[in-house]
Amino acid sequence: MQETLNYINENKLRFVDELFELLRIASISADPAYKNEVLLCADIVAEHLKNTGADNVEVCQTKGYPIVFGEKIIDKNLPTVLVYGHYDVQPPDPLELWRKPPFEPYIEKTELHPEGAIFARGSADDKGQFFMQIKAFEAMMKTNSLPCNIKFIFEGEEEVGSVSLGDFVNEFKEKLSCDCILISDTHIYSNEQPTVTTGLRGLSYVEVEVEGPNRDLHSGLYGGAVPNPIHVLSRMIAKLIDEDGQITIDGFYDNVEDVSDADRADMNKLKDNPEEFKKSIGLNDVEGEAGYTTLERTSIRPTLDCNGIWGGYTGEGAKTVIPSKASAKISMRLVPYQTPEEITEKFTKYFEKIAPHNVRVKVTPHHGGLPYVLPTDTKEYLAAKNAMETAFGKEVLPYRGGGSIPITSMFEQVLGAKSVLMGFGLDSDAIHSPNEHYGLFNFYKGIESIPLFFENYSK
């Protein structure tokens, strides 16, 4: 293994240069105008796999963007790890908030990244992270130290809901058969306190609409005599959470996982700094469900948030109308053992129940996903923990993330394998935001840790 680590150290600058080539491709899956760039990125990822020694590399067509597959089977009697990542990126808007163009990567030192960070759209989510997997594979191949079988699956639609992935995995589950899945698309708690993500929340996402009069009305002629949908919708949203931060939807907490006191104590071993947390997002204070710490509120407890609200006139100047309709988008983060189907149904019934009789409401489900938990007594978790402890030289703790990666539950259902969420970003990396970046320290630590994971898991 030392030879592998030496190879990584000798080639680290080249690894960054190659990553820059990927980051220059605007593989924005949400915008059809960038279709050619997404397709180009898939081809280049496939070339990287071929050049590093993968066999049977394919750019597999789907109803949407292609999935890149490759593998190296050294002995069918050895375990097989399936590596997942995505080569598509979020749109860079608003462009005016970027310090430099989003697809012209550069390195700059920051307070959290004194060794420098790579600034570019996709640097942390997920090009920088899945490229660690390819470079770690290269290092193992060049030093003849790959200890087990490996398969790769890189998709181009993660940022638009992985719309083709489920069908692909179901159709080719024999081809993708594996013993565990390795995903680098999450973050660690901090560089001083490395973690392995052991849980992700699920998601129920809906759009709501409140309709009052059959057209926009003159506020002078009708104001004070008819329901204003913006007012009604605002009151209804306010009723969804009480003063203690509890969600008021009937039966919302029926199936929520009861996390033990011991597990909560372990979780809170992470050095939570409330003042630094508030400072980092420009707040004077935090709020949330009573009886839980900030760490717990953002990981083991379900939440409800209004993500956007609109209605009436929002252009320049004044237009005195009572709008016919008002709408909002609402997301609910779920925990074991909630399901998006259950929660969407309960939300719909409750929202219709609290609506005044003089308006009409409509709830439109968008997408959802199941929560996921990797128990800390599994060989998958222990292999990742031990690998990162060797690489970082520090104790590694379990950490439940607040976000959602619905494919983890899908992989387990279809392939019967656990996913190891071994990401190396930081929550301050501004993913999905202007000036996204990924620390060089984190990029290199990931490449060092991954071969150690393969070695530990194989044992």
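1. K385 and E389 join their side chains in a salt bridge, with N and O 2.9 Å apart; the term means a side-chain nitrogen of Lys or Arg within 4 Å of a carboxyl oxygen of Asp or Glu. The two residues lie four apart in helix α11 (residues 379-392), so about one helical turn separates them. K385 is buried at 18% relative accessibility, while E389, at 22%, is partly exposed. Here buried means under 20% relative accessible area, exposed over 50%, and partly exposed in between (1.4 Å probe, protein chains only).

2. A word on the basis: this is a predicted model, where local features need pLDDT of at least 70, side-chain atom pairs count only at pLDDT 80 or more, and totals for chains, interfaces and linings use all residues. Residues are numbered from 1 along each chain as its sequence is written, and side-chain values use heavy atoms, leaving out hydrogens and water.

3. E257 and R400 also form a salt bridge, 2.9 Å from N to O. This pair links distant parts of the chain, 143 residues apart: E257 sits in the loop between α6 (229-238) and α7 (261-267), and R400 in strand β16 (residues 397-400). Helices (H or I, at least four residues) and strands (E, at least two) are DSSP runs, numbered from the N terminus. Both E257 and R400 are buried.

4. K72 pairs with D55 in a salt bridge whose closest N and O atoms are 3.2 Å apart. K72 belongs to strand β2 (residues 67-72) and D55 to strand β1 (residues 55-60), 17 residues apart.

5. R14, E18, K135 and E138 are linked in a network of them.
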